[in-house]
Amino acid sequence: YACRGGAPPCRRGDTDARTCPVTEDGLSGKIEKLAALIAGAGRIVVFTGAGVSTESGIPDFRSPGGIWSRFDPEEFTIYRFLASPETRLKQWRLLIESGLIADARPNGAHRAVAELERLGKLDCIITQNIDNLHQKAGSAPERVYELHGTMNHARCLGCGQRYAMADLLSRIRLEDGAPLCPECDGILKPDVIFFGEQLPAEALRQAVEHSRRCDLLIVVGSSLVVFPAAYMPVYAKEAGAAVAIVNLTVTDFDDRADLVIHGKAGEVMPLVLEAVKRILGVAGARGEPG
Ligand code: NAD
């Protein structure tokens, strides 16, 4: 058995097809093709969803065992949040329980995307995630457009003051009520977009603009069913860019994409990065003189 899972030489070194999680006919060819697209592109946008973070231990929404199999989406509406201090406290506690603000670490996919930036191969990241893992992996915060906000901090709905989430969590665990702003007693809300809220206007404007003027958009770990975020590959395609998808399962956009890799982002993206480095002749790349 020759492992076809990795760009040659396979880094996993699996010798048994049954244990190699990235084996699939043509996978190494697809990895090479994505690497070639990246090497040849001038403006690259990486568009990420919850699937890029599942290997960091954060469940996505729609996979089996995902957040929607354990929580009712109705619990996360802005109307419910604002209804009363009791519903607010319940939502804070649900968010803590959901694992979304656990102390997760970036995985190989986040690190590969950050490395693409260091190679000069990234225009920006557009993410639906609220977990801050791209920034933790070393991506420049000013290149990360967070369409659904962030759990990294909370914001006062009265005076707009932001508070680090880490500081608030211990208060929420200890206190009986929903947290209030220490400055003005206003309502504190995680700085994420609840159902029923508008997306942050500036992040959305930038995301649309960057999607329209890129020449390659790579979707990593998104079901592409949440709009308007999922319009980004549509904007890119309509403007003439190539669109590649790295996702565990089929998406509705697969038929329109130039390249689809069904696999785990944390395994596929590091292999793509290695292949890019080899094509670019970056020192230290596998198969290249160091
Ligand atoms: P989604 O749950 O709808 O879809 C996730 C997709 O990722 C699925 O198609 C799944 O097959 C795929 N996937 C799962 N694990 C993967 C892996 N290891 N490698 C590659 N693909 C994998 O998530 P979405 O498309 O991001 O959209 C829904 C919403 O989820 C967004 O609004 C986002 O804000 C929210 N969300 C974010 C987080 C987070 O911040 N980490 C977690 C859960 C949900």
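**Ground rules.** I am working from a predicted model, where local features need pLDDT of at least 70, side-chain atom pairs count only at pLDDT 80 or more, and totals for chains, interfaces and linings use all residues. Residues are numbered from 1 along each chain as its sequence is written, and side-chain values use heavy atoms, with hydrogens and water left out.

**Entry 1: rings.** How many aromatic pairs does a search of the whole structure find? I got three. Rings of Phe, Tyr and Trp (its six-membered ring) pair if their centres lie within 6.5 Å; planes under 30 degrees apart count as stacked, over 60 as edge-to-face and the rest as tilted. One of the pairs is F227 with Y231, tilted, at 4.8 Å centre to centre and 55° between the planes. Y231 also pairs with Y235, again tilted, at 6.2 Å and 50°.

Buried means under 20% relative accessible area, exposed over 50%, partly exposed in between (1.4 Å probe, protein chains only). F227 is partly exposed because its relative accessibility is 45%. Y231 comes out as partly exposed at 39%, and Y235 as partly exposed at 22%.

Y235 has another neighbour: the charged end of R212 sits over its ring, 4.5 Å from the centre. For that call, NZ of Lys or CZ of Arg must be within 6 Å of the ring centre and within 35 degrees of the ring normal.

Entry 2: Most residues other than glycine have a negative phi, and most peptide bonds are trans. I went looking for exceptions.

- The peptide bond from F227 to P228 is cis, with omega near 10°. P228 is in the loop between β7 (216–220) and α9 (232–238). Helices (H or I, at least four residues) and strands (E, at least two) are DSSP runs, numbered from the N terminus.
- L224 is in the loop between β7 and α9, and has a positive phi of about 55° although it is not a glycine. L224 counts as buried because its relative accessibility is 8%.
- D185 has a positive phi too, near 65°, and lies in the loop between α7 (165–174) and β6 (188–192). Is D185 buried or exposed? It is exposed, because its relative accessibility is 57%.

**Entry 3: helix α10.** I found α10 mostly covered, with 13 of its 16 residues buried. A265 lies in α10, and counts as buried because its relative accessibility is 6%. The C-alpha atoms of A265 and V220 are separated by 6.6 Å, though the two residues are 45 apart along the chain. Just after α10, G281 takes a positive phi of about 70°.

Entry 4: I used a 1 Å grid over the protein atoms alone: a cavity is a set of points where a 1.4 Å probe fits but cannot get out, a pocket is an open set with protein on both sides within 12 Å along at least five of seven lines, and lining residues have an atom within 4 Å of a point. Points are joined across faces, edges and corners, and a volume is the space filled by probe spheres set on the points.

The largest pocket has about 1,000 Å³ of space. It is lined by 45 residues, and A50, D60, F61, R62 and N129 lie nearest its centre. α2 (67–70) and β8 (242–247) are the elements giving two or more residues to that lining.

The second largest pocket has about 290 Å³. Its lining has 16 residues, with E146, G149, T150, H153 and R162 nearest the centre. β4 gives the most to this lining, five residues.

I also found two cavities of 30 Å³ or more. The second largest cavity holds about 30 Å³, and its lining includes N129 and E146. The largest share of that lining, three residues, comes from α6.
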